There are 2 protein chains.
Amino acid sequence: MLYTPLLQQLMDALRCLPGVGPKSAQRMSFHLLERKPDAALALAKALEAAVTGVRHCERCRMLTDKLICEICASTRRNDSLLCVVETPADVYAIDSATSFGGKYFVLMGHLSPLDGIGPEELGLRQLESRLDAGDITEMILATNPTVEGEATAHYLAELARVRGIRATRIAHGVPLGGELEFVDGGTLSHAFSGRRDVA
Amino acid sequence: MLYTPLLQQLMDALRCLPGVGPKSAQRMSFHLLERKPDAALALAKALEAAVTGVRHCERCRMLTDKLICEICASTRRNDSLLCVVETPADVYAIDSATSFGGKYFVLMGHLSPLDGIGPEELGLRQLESRLDAGDITEMILATNPTVEGEATAHYLAELARVRGIRATRIAHGVPLGGELEFVDGGTLSHAFSGRRDVA
């Protein structure tokens, strides 16, 4: 037996969400139609509003409703510190967990020549002109600790070096609260080579 | 730091989906905005269309786009067999797994006096008038094997009994492919008391 067409369309459409398969889509559809039709309509409106209204900040490529995002527009943040991250989610994570009070630049990805993602796609021309402007004294490289993230960080560090700007990389090592026994070898090796004097 | 308002609204709206918490909502929002804006708009349209267009079948309370659902409208199905289930999902499950070729009646819940769900809320007046019409010879009770589902099945069986209609309950016992060792006690006890002669 087939689902009634509108229901089938809704289930197919829900599959665009990450981690939602046929069973979840069916469960979500019934849940929305039976219990939360108002919430479903509100979700439809929020989706439309976000897709049409959310854009990339013209300065840092962060997601925002305006031309320039709140962070870039803020006068209380330190303009001489620039933290470079891969995704908008990283900005939220860093800003809520650390006391970093500088500005950000969001690459929206990492260098990946095989996928056709080069410096142009990551907005590095934009980043270079910010570095050239001369306000920035330190660029903090907070790309992911993956092969591509490391390669991107190296590339960015070179951009800073030729301009005489200090480039720093966030520390890699054993995460807090874990047990050494269960930390992977690469991380442990990083933690050893990056050891520091006890103050 | 706060999310940009439209993004925050989208994340809040996604929380209406079952099993979606703050982290999933954030992941879904970024995924839709970055990678699948078209799919997000299609989802918005599908939600609106389904909420406004999907209704309950006037005969069996199944979800449908029309006044009378496909199953009730079908002339190839046996009108003398009626299977009573709790939810539309049960109809799809039974129809795709079994060879049942009769009609359905969807309660949209089960008797639950504490939650204010009585015979009226389950459309039992509608069901009684169908039983009174005289076409039905057997009513198959396929409510869930829970306390409320069993109570509902007992109530329905009584409706059939006073009208001289045969009422049957789907078999309870050990599920196929499992191991007896891991089957719960209640199920095992049901399986023993419901044992049948080997043909």
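The domain assignment of chain A gives domain 1 (5-53) and domain 2 (63-197), with bounds that come from an automatic or database domain assignment. Between the C-alpha centres of domain 1 of chain A and domain 2 of chain A there are 35 Å. This is a predicted model, in which local features need pLDDT of at least 70 and side-chain atom pairs count only at pLDDT 80 or more, while totals for chains, interfaces and linings use all residues. Residues are numbered from 1 along each chain as its sequence is written, chains are lettered from A and ligands numbered from 1 in the order in which they are written, and side-chain values use heavy atoms, with hydrogens and water left out.

**Secondary structure**

- Chain A contains 8 helices and 6 strands; helices (H or I, at least four residues) and strands (E, at least two) are DSSP runs, numbered from the N terminus.
- Read from the N terminus, the order of elements in chain A is α-α-α-β-β-α-β-α-β-α-β-α-β-α.

**Overall dimensions and packing**

- The radius of gyration of chain A is 22 Å, whereas a compact globule of 199 residues would have a value near 16 Å.
- That radius is taken over C-alpha atoms, and the globule rule is 2.2 Å times the number of residues to the power 0.38.
- The C-alpha trace of chain A spans about 65 × 45 × 35 Å along its principal axes.
- In chain A, 43% of the 199 residues count as buried; buried means under 20% relative accessible area, exposed over 50%, and partly exposed in between (1.4 Å probe, protein chains only).
- Of the contacts in chain A between residues at least 6 apart in sequence, 47% join residues at least 24 apart, where contact means heavy atoms within 4.5 Å.

**Surface and charge**

- Chain A carries 21 positive and 25 negative side chains, and the centres of the two sets lie 4 Å apart.
- Lys and Arg count as positive and Asp and Glu as negative, without His and the chain ends; each charge is placed at NZ of Lys, CZ of Arg, CG of Asp or CD of Glu.

**Backbone at Met108**

- Most residues other than glycine have a negative phi.
- A:M108, which is not a glycine, has a positive phi near 60°; A:M108 sits in the loop between strand 4 (102-106) and helix 6 (124-133) of chain A.
- A:M108 is partly exposed, at a relative accessible area of 24%.
- In chain B, B:M108 also has a positive phi, of about 60°, and lies in the loop between strand 4 (102-106) and helix 6 (124-132).
- B:M108 is partly exposed, with a relative accessible area of 23%.
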